Amino acid sequence: MLATILGYLGLGLVLALAGIAEGGLKKRPEASGNFMVLSALPATQGIYGFVAFFMLLSKMQADPSNGLVIFGVGLCVGLVCMISAIRQGQVCANGIVGVSQGHDVFTNTLIYAALPEFYAILGLVGALMV
């Protein structure tokens with residue numbers, strides 16, 4: 001019974017923590033496309049959490065006694081996605097400021113923003129391997 005409760009708590013954590021995660025548009029309206037891309041990029045971690053939720057949910061429904069494992073995986077993947085989204089958001093916010101000030105930093109910002117994204121992808125892959 002406790003394992004089942006913890007398992008469902010882990011499902012909630014992976015979804016909630018991964019979903020936690022925008023200026024410059026007034027100064028440079030012509031750069032709105034760049035701002036939109038940079039603002040939306042950290043939201044991908046929420047998508048990874050959503051995918052992990054459904055993968056873990058199917059494993060939980062197949063065998064509720066795996067609840068403790070599901071809890072641990074949900075907590076860990078949720079935290080990785082949350083921290084990754086926060087750091088990626090900081091990189092993207094700085095890029096938005098740079099672009100709004102007229103600097104040509106959009107491409108570099110995308111490259112730097114891909115680094116925290118990689119860890120969120122690794123978290124998702126880890127959840128899929130359970």
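User: How should I read accessibility for F50: does it count as buried, exposed or partly exposed?

Analyst: Happy to start there. Buried means under 20% relative accessible area, exposed means over 50%, and partly exposed lies in between, with a 1.4 Å probe and protein chains only. At 44% relative accessibility, F50 therefore counts as partly exposed. F54 falls in the partly exposed class as well, with 42%, whereas F53 is buried at 17%. Please keep in mind that this is a predicted model: local features need pLDDT of at least 70, side-chain atom pairs count only at pLDDT 80 or more, and totals for chains, interfaces and linings use all residues. Residues are numbered from 1 along each chain as its sequence is written, and side-chain values use heavy atoms, with hydrogens and water left out.

User: Which helix holds F50 and F54, and how many residues apart are they?

Analyst: Helices (H or I, at least four residues) and strands (E, at least two) are DSSP runs, numbered from the N terminus. An α-helix has 3.6 residues a turn, so residues three or four places apart point the same way. Here, F50 and F54 are both in helix α3 and 4 residues apart, about one turn of the helix.

User: How do I describe the ring pair of F50 and F54?

Analyst: A pair of aromatic rings is described by the distance of the centres and the angle of the planes. Rings of Phe, Tyr and Trp (its six-membered ring) pair if their centres lie within 6.5 Å; planes under 30 degrees apart count as stacked, over 60 as edge-to-face and the rest as tilted. The count by this rule is 3 aromatic pairs. For F50 and F54, the centres are 4.9 Å apart and the planes stand at 85 degrees, so this pair is edge-to-face. F53 and F54 are edge-to-face too, because their planes stand at 80 degrees, with centres 5.1 Å apart. Together, F50, F53 and F54 make up one aromatic cluster.

User: What span does α3 reach, and what is expected?

Analyst: The expected span is 1.5 Å times one less than the number of residues. With 19 residues (44-62), α3 reaches 28 Å from its first C-alpha to its last, close to the expected 27 Å. Its buried residues include Y48, A52, F53, L56 and M60.

User: At what angle do α2 and α4 pack?

Analyst: Axes are lines fitted to C-alpha atoms, for helices over the stretch in contact, and angles run from 0 to 180 degrees between N-to-C directions. Angles under 35 degrees count as roughly parallel, over 145 as roughly antiparallel, 65 to 115 as roughly perpendicular and the rest as oblique. Helix α2 (residues 32-40) and helix α4 (residues 67-100) pack at about 170 degrees, with axes 9 Å apart, and are therefore roughly antiparallel. Their contact (heavy atoms within 4.5 Å) involves N34, F35, L38 and S39 of α2 with C92, G95, I96, V99 and S100 of α4.

User: And how do the axes of α4 and α5 cross?

Analyst: They come within 9 Å and cross at roughly 175 degrees, α5 being residues 106-128. These two helices are therefore roughly antiparallel. Among the α4 residues that meet α5 are C81, R87 and V91; the α5 side includes Y112, P116 and Y119.

User: How many disulfides are found?

Analyst: A disulfide is a pair of cysteine sulfur atoms within 2.5 Å. The search of the whole structure finds 0. For C76, the nearest cysteine sulfur is that of C81, 11 Å away. C81 is buried at 0%, while C76 is partly exposed at 49%.

User: How many helices and strands does the protein chain have?

Analyst: There are 5 helices and 0 strands. Of its 130 residues, 36% count as buried.
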